[in-house]
Amino acid sequence: MIGRRILQTRAWNAGRRWLCPYMSSAPCPIPAAAPTEECGRHFSSYAKAPFSLTNNPVNFYIPYVVQRCQFSSNAVADLPMEGTVDVPLAQTGEGIAECELLKWFVQEGDKVEEFQPLCEVQSDKATIEITSRYQGRVSHILHVPGSIVKVGETLLKMAVEETQVPSVIPNNLEKEKPVDGKLNKYSTGGVLSTPAVRSLAKEHDIDINDVQGSGKDGRVLKEDVLKYAMQKGVIKDPSVTATATATVGELLHGEESCSYGSAEVAGLYEDTIAPLRGFQRTMVKTMSMAAKVPHFHYVEEINCDALAELKASFQTNNTEPGIKFTFLPILIKSLSMALSKYPMMNSCFNEESLEVILRGSHNIGIAMATPYGLVVPNIKNVQSLSILEITKELSRLQQLALANKLSPADISGGTITLSNIGAIGGKFGAPILNLPEVAIIAIGRIQKLPQFTDDGNVYPASIMNANIGADHRVLDGATVARFCNELKQFIEKPELLMLHMK
């Protein structure tokens with residue numbers, strides 16, 4: 001609106017001129033009209049603010065964006081050829097509303113090229129790298145690793161050439177609501193500080209603009225924030241606040257890295273807050289939904305003597321470098337063969353339409369315990385893969401899971417889940433469904449147990465317990481029992497598996 005008024009009223013002189021923004025926290029090099037109180041409240045009132053149609057710019061005071069935002073009709077040569085753009089968290093997948101920020105690849109002041117990785121985030125489904133759309137320099141990082149960032153929320157600000165700055169639409173500015181015409185108390189303005197220090201200040205409800213920095217060029221350090229917090233009575237002992245909190249993954253999987261306290265701090269036993277992140281947050285959601293589904297379990301013992309011999313034979317005759325055969329690929333193939341006869345076990349349930357979808361592909365998920373939490377990648381189209389191909393794909397998924405590099409395609413699309421809890425320990429478990437799947441199988445460790453022949457003689461056998469968890473809305477006990485008998489037959493007599501494989 002104002003731009004049109006200026007264009008209609010002012011006669012342009014010779015030379016090329018632009019209507020472009022000038023943003024700076026430093027004093028403006030061009031005289032400007034003082035912002036009025038009315039101007040600071042809302043963009044719609046800017047039309048009421050006094051302005052001049054001379055060479056002086058029109059000044060708008062926008063406290064929630066920058067300290068000054070001026071639109072000038074002066075020549076482009078008089079203005080800096082650089083602007084600031086916000087780099088938001090883009091949509092990383094369907095249904096993803098937020099991600100955890102894992103780490104930064106850049107720091108404030110770094111020069112960034114187009115498509116250069118900026119940071120790594122983790123959603124409910126996968127770990128993803130966020131790349132830059134612009135070429136420029138990082139001016140301000142807004143989040144620290146471990147933060148939960150909403151989709152569309154600004155990750156960082158970049159200083160780029162003016163030609164890369166997206167055009168500003170006044171309607172967007174109208175949606176920005178200033179709070180009482182004052183700066184947001186968590187806005188850092190021109191204060192120099194790291195994201196960790198800003199996060200610490202926000203944690204204790206401290207306006208970092210009020211903290212006197214003791215670092216180079218007035219940079220606010222962690223010690224400055226703690227000292228200010230003690231002066232205000234927010235905290236009493238800074239050593240308690242400085243103690244880093246551990247994540248659940250570190251607490252569950254960090255036994256080897258755990259150190260014992262010295263005698264000096266032996267009496268300090270404090271609670272530790274462990275935020276749930278990544279796959280652990282996903283487990284909270286999925287298990288909460290699965291707990292509402294009526295489960296039933298079916299347990300069976302399976303003799304694995306022939307399976308052990310087959311696995312040993314595969315390993316002896318293995319010519320593939322870097323491939324180690326285990327029981328799991330044979331169990332996965334046996335499961336796929338049993339699913340071919342009982343397709344209802346390889347289905348998913350649509351609760352809204354009360355429909356069961358019989359899945360054509362056997363995408364068998366394998367539950368994996370990683371330092372980042374429980375994750376269930378799946379091997380696609382097992383019915384068309386050989387045992388060697390299953391072994392290679394399983395190895396690939398295990399390596400990616402341990403490195404937290406699984407893609408959304410690796411995790412999505414599963415039709416049934418196999419949990420090898422016996423690899424860690426335990427005879428059997430009671431697995432919970434991985435919705436919308438209708439069945440999950442947990443296998444315990446293989447152990448030598450005494451068995452009896454028909455004439456009463458005792459002999460040792462390698463016995464494994466299999467526990468099938470099923471959705472009782474879709475599956476009945478008889479179907480699961482027959483399916484388990486079919487699976488048991490392929491495991492105990494691998495020659496049948498070879499006979500029926502395509």
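Guide: A residue is called buried when its relative accessible area is under 20%, exposed when it is over 50%, and partly exposed in between (1.4 Å probe, protein chains only). By this scale Val356, at 37% relative accessibility, is partly exposed. The model is predicted, so local features need pLDDT of at least 70 and side-chain atom pairs count only at pLDDT 80 or more, while totals for chains, interfaces and linings use all residues. Residues are numbered from 1 along each chain as its sequence is written, and side-chain values use heavy atoms, with hydrogens and water left out.

Because 12 of its 15 residues are buried, H10 is largely enclosed by the rest of the structure. Among the buried residues are Leu328, Ile330, Leu331, Ile332, Leu335, Met337 and Leu339, and the list also includes Lys333, Ser334 and Ser336.

In soluble globular proteins, nonpolar side chains tend to be buried together.

Leaving aside neighbours within four places in sequence, Met345 is in contact with Leu339, Thr415, Ile416, Val438, Ala439, Ile468, Leu475, Val480 and Phe483 (contact means heavy atoms within 4.5 Å).

Met344, Val356 and Leu358 form a nonpolar surface patch with about 230 Å² of accessible area together. Patches are made of residues with over 30% relative accessible area and no salt bridge, with like charges joined within 9 Å and nonpolar side chains (Val, Leu, Ile, Met, Phe, Trp, Tyr) within 5 Å; areas come from the Shrake-Rupley method with a 1.4 Å probe, and for residues only the protein chains shown count as cover. Val356 is found in strand S14, residues 355–358. In the loop between strand S13 (347–350) and S14 lies Leu354, which is exposed, with a relative accessible area of 67%. Leu354 has a phi near 55°, positive in a residue other than glycine.

Asn381 likewise has a positive phi, of about 50°, although it is not a glycine. Its place is the loop between strand S18 (378–379) and helix H11 (387–402). A further backbone detail is the cis peptide bond from Leu435 to Pro436, with omega near 10°; Pro436 sits in the loop between strand S19 (416–419) and strand S20 (439–443). Most residues other than glycine have a negative phi, and most peptide bonds are trans.

Charged pairs complete the surroundings. The whole structure holds 10 salt bridges (a side-chain nitrogen of Lys or Arg within 4 Å of a carboxyl oxygen of Asp or Glu). In one of them, Arg473 meets Asp471 at 2.8 Å, N to O; Asp471 is buried, with a relative accessible area of 0%, whereas Arg473 is partly exposed at 33%. Another joins Lys150 to Glu98, with the closest N and O atoms 2.9 Å apart. This pair links distant parts of the chain, 52 residues apart: Lys150 in strand S10 (residues 148–150) and Glu98 in strand S5 (residues 98–104). Glu98, Lys150 and Arg281 are linked in a network of salt bridges.

Finally, the whole protein: its secondary structure comes to 14 helices and 22 strands. Buried residues make up 38% of its 502 residues. Its accessible surface comes to about 28,300 Å², of which 54% belongs to carbon and sulfur atoms.

Definitions and conventions: Helices (H or I, at least four residues) and strands (E, at least two) are DSSP runs, numbered from the N terminus.
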